[in-house]
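Below is what I looked up, in the order I got to it.

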Amino acid sequence: MKRKRAGNDAKETPTKRTRAAAADDLLDEEQEQDEIAIQTPSRRNRSAKPPTISTPTKSILNGRPKAPTSTAATPQSKRKVLFETPSKQQEELEDEATPTTTRNADRSARRKSSRRLIERTLAEDGSEDDVSEDDLAREILNEDDEEEDDEEEELVDEETQAETGTPSKPRRGRPNARRRKRSPTPPENLPPHEQYFWHNKPGGTKTSDNKLPSDALLNHDEYFQRMLGYVEPHQKELDHLLSLHARSYEQWIFELECDFNICLYGYGSKRQLLTDFASYVHSTQDDPPKIIITNGYAPGITIRDILNTIAGVLLPKHLQLPTQPQALLDIIHEALSAPVALSSSKKRAHSNQTARTTRILLLINSIDSSSLRRPTVQSLLASLSSHPQISLLATADTLNFPLLWDTSLRSTFRFLFHDCTTFVPYTAEIEVVESVNELLGRSSRRIGGKDGVAFVLRSLPANARALFRVLVAEQVAAAAEGDDFGGEEGQAGAGADMDEDRLAPSSSRRPLDAGVASEGVEYRLLYRKAHEELICTNENGFRTLLKEFFDHQMVESRRDTLGSERLVVPFRKEELEGLLEELVD
Amino acid sequence: MDHEKCFVFEPEDEHPTKKRRIGSDDWINTWKLRKELYEQFWAHQRSKIESVLNRANEETVTKVLGFITSSKAPESSKLPAGLISAGPNIASHGALFRQIATKLGAADATIFVALTSSECSNLKSLLKSLIVKGTTLGDDEEDDAQTPHRKGPKLLNYDLQLLHDHVKQNAIETVVITFQDTEAFDGHVLSETIELFGLWRNRIPFVILFGIATSTDAFQDRLSRSALRCLQGKEFDVVQTDDLFEQVFLTTIDGNERHLWIGPELMSTFLNRQKDHAQNVTEFIDALKYAHMCHFFANSVSILMSTEAHGKVEISRHLCYTLRHLPSFEVCVSSSLNANNTFRESRGFLVPRPDRPPLSMRHYLFDDVALERLLNDTMVYRDTHSFPDMVRALRMIRVILSKMPRYAHHKLSALYTMMIGGNLLDSPMVKEMIAFLKRAPSNVLLEILNDTIGLLVLHQVEDAYYFETRDELQKLINDAKATDAPLRSAFDERNETLRTTVIAKKVELSKQKATLSKNDEAYSQILQRFTARLDEWLVMTLFYPDELMFAEVFIYDIKSPYRAAFSPKTRFAVERALSSPRDYLEYEYDCYDLSEEECEKQEARDAALSAAAPATAIMYQLYLESGALMNASDLYSAYHAILEEKTDDEELIKALFQRSLAELKYMGFIKDTKKKVDHVAKAAWSGL
C-alpha cells in the first residue's frame, strides 16, 4: 500500500523535479550547496528505512480522517519539527524517487555556481559584466523561488482538494527549512541572558567570509595625520559635561578629606578631568597636598614607579631605597607617620610644622589598566591608600573593573564611586593603530609591520637581506603552490571545500584562506637555498643571520606535524608580496 | 605628561592666581561652618561606635592573649593552636588580628609573625618570609639580627635553625604565628608547615593562631592527620556580625545628645545591603559616615543642627525663608490651620513651654524671631525628651517581643526602620504584642517589668509607676506562693473553657470564663493597667517623621547618593552612555518620517545610529546588533554606510572606525579571535 502511494507520487513529480533541477543547474545561492550537502544524505537514509510507526493521534489533531495510506511518513515529520504539515511525506518520497546520480550532478553544478558567486562577491574589482551577471543570477534565483512557491501552492491546492483537504498551508519542506534556518537577524527584544544563549548556540552564528582589504586600515602616520585636525562633533557638549563634573570638585575634596578614596568610572577618558582637578586642588586649597599623577595606561608601568615617586616626595633624595615594593611601602608609611625622625635635625623645627601634615593626593589614571591589574599591585595600592595622609582618586575604564577587588581589598580601598562619563576619546590611553591591528591579527604589531621590517632590513648587511628575500620568496611560492594544489579551479579555498565535502559534510566551512602564510619554509630547505645562493657558507653563519630576524620578530619558528622546524614570516599574503617586491627592487 | 608613568603635579604657571572656588557664595560661606558641624557630630558618633567595637573584640583578644601566655610552658610536645572563628566576613579579620598584634607587641620576649596566603605559595616561601619577619620585626637591632653569630656553614634562608638561633639569642619565650586567611592557604602547605613546626616545637616555642572564616570542621578537613596530631587546638569565638551590628546601631541612636537620624528609606537600604551583601559592620559605619557627609554637605538647613544654634549661629533672613518653605513646616502649618490657628500638640512633640504660650500661625510666618524660638524649643525638647523616649520605647518593645516566640529574633534596627517609616504603631506586630501582654502570666510580666526598670535606670529616667507595679506584683506573687504556678490573667486561654450546648437541635459553642481566684483577679488588674498605660505611652512616644516639624534639619533620608557611591552600576553606566548617548549629550539627529510616538520609541536607537552620534556609540550599536563573532569587513561597511551621511572623507571614516574598535577593545567589549580571519569576538553581552 505504501509503495503504491510512493509510486503515485513519483509519477506526479517528474515534471517538477526536472524543472527544479534545471533551475538549480543554472544558478544557485551559496547556502543551497550547504543545505543539500548537509541534509539530503541523512534524509535519504531516513526515508530508506521502512516507515512503520503510525500515529493516529496526529491525524485526529489535523482534523481530518486520514486515509491509512497517508500515515506512513508521519514519524518522520514528528522527528523534524520544521516539517509538520502532512504534505511533507510527499516531499520525502519525492526525494527518494530522484536518482542519486542526478542529485550528485545537481550538487556539483550547484557547488560550482555557488563558488563562482562567492568569488564574485569577494573580488573587489569585479568587472561590470560580472556584476550584472551576478545580479541577473540572483534575480532569476529569487524569481524562481517565488515561482516554486507559487507552483507548490497550486499543486498543493489541487492535492488538498483531491485527497486531503488540510486547512493548513502545506509547503515544500526544503525551501521552508532553508528559510527558517537562515534567519539572519535574531528575534528582537530578547532578555539579556536569552540573547547570550542565542549568540552562543551550537553551530554558532554565521558570518560572511569577507575580508577587510589591507588598505581599509590606516597606519600610524596616516591615522595621526588624519586625526590631527579633527574636531569632535560634540565638542561643546563635551565641554559642558566636563564643567558639570567640575561642580563636584568641592565634594570630592571633602570626601577625600574624610578618609575615603574615590573611583571614577564611566565612558570616556578622564585624564583631562583629573588634571583639571589637580590644578583646582592646587590653586584653591590653602595648604595644597602634594599631588602625584600616575598614568596607569602607560606601558610597562610598575608599582615601583608609583612608590618611588611618592618616596621621592617624602624622603631626602640621597636615601637608598629598597627594591622590594612592600619594603618601600613600609618606609613610605613610616615616613608619613613620623616625618621628624627621618628628616635631618637642622630642619626639625621646620618640618615639625609642615612635614607632619604632609598630605599626598595620588591621582591614578586607569587603575584597571593591564599593567596594574595584578592582584599584588592592587593590594599594595590598597594598603598605600589606606594611610590617612594619602588620598587616592583613581579612574577606571574597563567594563568589569570592580572584579579587581575582593571584599577585603575593597574595604581597604574605601572607594566611593562616581559616574564621570566624559565621552572624551581615549587618545593617550590607547595606541589605536596598534590595538586594532592586534585585534584583527594583523602583523604590524611586530616592529611596526611591513614598514618596520623594511627599516630593519635596511640596517642589516646585504647577505641578511638576501636571506630574507629568499625566505619570503619561498613562502610566497609555497602559499601559491598550496592554493593551486587543492583547488579544482585553482582558486584559494576550493581545497577546503573539497575536504569538507569528503570528510564531514555537516561541519561548518573553514575560512577561505585559513592557510595564509601559515606554512612557511622548512629549515633545511631554506638553508640549502641560502647555501646555493652563496648567502652563507655554513650553518653557523646561517643561524647568526636568522637570529637577527628572530630578535626583531620578523621570523617565527614553528613545528609542523612531522616535527620538522619551519620558519615563518608572520605576515599576510598581500603584505608578503609587497615585501618581496621591495626586496627585489 | 600624557605618557609619563608617574610624576608630581606642578601647575603650569609658576604663580597661579587663586582660582575661584566652584559653588554659590552662600554655599561657600556656610560650608565651613557646616563642615565643622559635620566633624563635631561624626566624631561623636565615631567615638561611640569605636568603643562598642573595641569592647566587642576585647573579650576575644584577652582570651587569646591568655591562651598565648598559658602556653608558654611547653608541657606537651603538641603545638598550641588558637582557632579563631571570626565569621564569614574576612574584611573584619584584619582589625581583630591587628588588635592582637598591638597587644602582643607590648609584651616582652615575644615574636609576632603574621603570614598571609599571598606570600606563602609553598613551604619554602612560607619559611622564608617567616624567618625574615621573625628575625627582623622582633627587635630593633635589625642589623645584628641579620647576621647571626654562628659558627659552621652558612644556612639557607629557609632553615628554621636561623629562627632558633634568634630565639636563643634574644631569649624569646613565644613565637606567635598567625594565619589570618587560613582558607586561602593551600592545605598541603599548611599541613607540612604544622608538621615541621611540631618537630621544632622542643626548640622554638611556637604558638599558632588560625583565623577561620568557615568552621573549625572545615578547617580540620583540610589538614592531614599527621598534622592534626601535632596540634592542640582551642577555639575562640568572635562576636558575630549580626549582634555586633545591632550593638553598633543601638549606640548610634542612643543617648541624649543631638545627632543625625537616618530616615526609613535609607535605613532599609542599609539593612538590606547588610543582610544580602556586606555582612560587615565597617560597611555600615562607612555608610553612616557618608550619610552624615551628605547631610552637612548638601543641605543648607543642616546648619541648624548646631547645638549652639541659639545666638551663635545667626539665622539669616535667607535661612528663615528656607525654613518656612520646608515641606514639613508647610504640613504642620496647614494642619494647624484646622485647629484654631495654633500648632497642634502633635503626640507631645510640641509641648509649648509654660512661659511661652503658643503663638498664632501668623507670628511664625512673619516673625523671624518667633520662628527661631520655635525651632530652638522644638529641637531642644526633642533632644531631651522625644528621641530618648522613642529609643526607650523601641527597646521596650524589643524586650516584650523577645518573650514572644514568634518575634523573638526581631532586630532593633528593623523596629527602628518601621518606626521612622511610621509603620510600627499600626503594625500587626505591635497589636499582637499588646494582645500577648493581656494574656501574659505573672512570671513573664515580672521579667518584663524588671527589664523595663533596667532600661529606665540605663536611660536615667525616673518613673515611679514601674517600680510600684513591680513591688505590687512581687507582693502578690509572694502571697500566692502556695500554688507555685504563675498567676494567670483574665484573658489567659487557660481560664476559658469551651462549652457545647445543644439547643433546639443546634449545637452551640460558647466560651466561658472560669471563675478567677482572688489572686488572679488582682493580677489581672495590674496587668490591665500596665497594658493600657503602655499602649497609651507608645502612641505618645512613637512618632512619625512626617509629622515632625523641621524634619529636614535632622533626618537624612536620601538613598541615591549612598547607592551611587557604594554600590554603583559601573557597567551599566558605560553601556548606557554608549547605547543612548543623548542622555549625556544634546545633539540633533535626523528623525525619519515617523509619527511622534514611533519616533520616541525609536529615539534611542536612531540617535545612537545616526551619523551625528559619537563615533564609538555608532560602533557600539553595530556591536549590539551582531552575534558572538563579527566580521570586521562587514562591520566596516556598515559603519561606513552610517558615517557616509556626514562626511565624504574616506580616510576620516577609516580613522574613526579604527578608533572606535580600539576603544571598544580597550573597555573590554570585544577581543581578538582565532576562529576566523578578520573577525572580532564579543566579550561582553549587554545587560548580563
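**Ground rules**

I'm working with a predicted model, where local features need pLDDT of at least 70, side-chain atom pairs count only at pLDDT 80 or more, and totals for chains, interfaces and linings use all residues. Residues are numbered from 1 along each chain as its sequence is written, chains are lettered from A and ligands numbered from 1 in the order in which they are written, and side-chain values use heavy atoms, with hydrogens and water left out.

**Chain A, overall**

I looked up the secondary structure and got 27 helices and eight strands for chain A. Helices (H or I, at least four residues) and strands (E, at least two) are DSSP runs, numbered from the N terminus.

Next I checked burial: 46% of the 585 residues in chain A are buried. Buried means under 20% relative accessible area, exposed over 50%, and partly exposed in between, with a 1.4 Å probe and protein chains only.

The accessible surface of chain A is about 29800 Å², and carbon and sulfur atoms own 52% of that. Such areas come from the Shrake-Rupley method with a 1.4 Å probe; for residues, only the protein chains shown count as cover.

I also looked at contacts (heavy atoms within 4.5 Å). Taking those in chain A between residues at least 6 apart in sequence, 72% join residues at least 24 apart.

**Salt bridges**

How many salt bridges are there over all chains? My search of the whole structure gave 26. One counts when a side-chain nitrogen of Lys or Arg is within 4 Å of a carboxyl oxygen of Asp or Glu.

I picked out B:Lys35 and A:Glu257, whose side chains meet at 2.5 Å, N to O. This pair joins two chains, because B:Lys35 lies in helix H1 (residues 25–70) of chain B and A:Glu257 in helix H13 (residues 249–257) of chain A. A:Glu257 is partly exposed, at 34% relative accessibility.

Then I went to B:Asp368 and B:Arg324, a salt bridge at 2.8 Å, N to O. They are 44 residues apart, with B:Asp368 in helix H15 (residues 368–401) and B:Arg324 in helix H12 (residues 317–324), both of chain B. Buried or exposed? Both B:Asp368 and B:Arg324 are buried.

B:Lys403 sits in the loop between H15 and helix H16 (412–420) of chain B, and B:Asp451 is 48 residues away in helix H18 (residues 442–459) of chain B. I noted B:Lys403 as partly exposed at 23%, and B:Asp451 as partly exposed at 33%. B:Glu447 belongs here too: a network of salt bridges links B:Lys403, B:Glu447 and B:Asp451.

**Helix packing in chain B**

I looked up helix H9 (residues 241–253) against helix H11 (residues 281–298) of chain B, and their axes are 9 Å apart at an angle of about 25 degrees. Axes are lines fitted to C-alpha atoms, for helices over the stretch in contact, and angles run from 0 to 180 degrees between N-to-C directions. That makes H9(B) roughly parallel to H11(B). Under 35 degrees counts as roughly parallel, over 145 as roughly antiparallel, 65 to 115 as roughly perpendicular, and the rest as oblique. Residues of H9(B) that meet H11(B) include B:Phe245 and B:Phe249, and on the H11(B) side B:Phe284 is one of the partners.

H15(B) turned up again, packing with helix H20 (residues 518–541) of chain B at about 135 degrees, with axes 10 Å apart. These two are therefore oblique to each other. Among the H15(B) residues in that meeting are B:Met390 and B:Met396, with B:Trp537 among those from H20(B).
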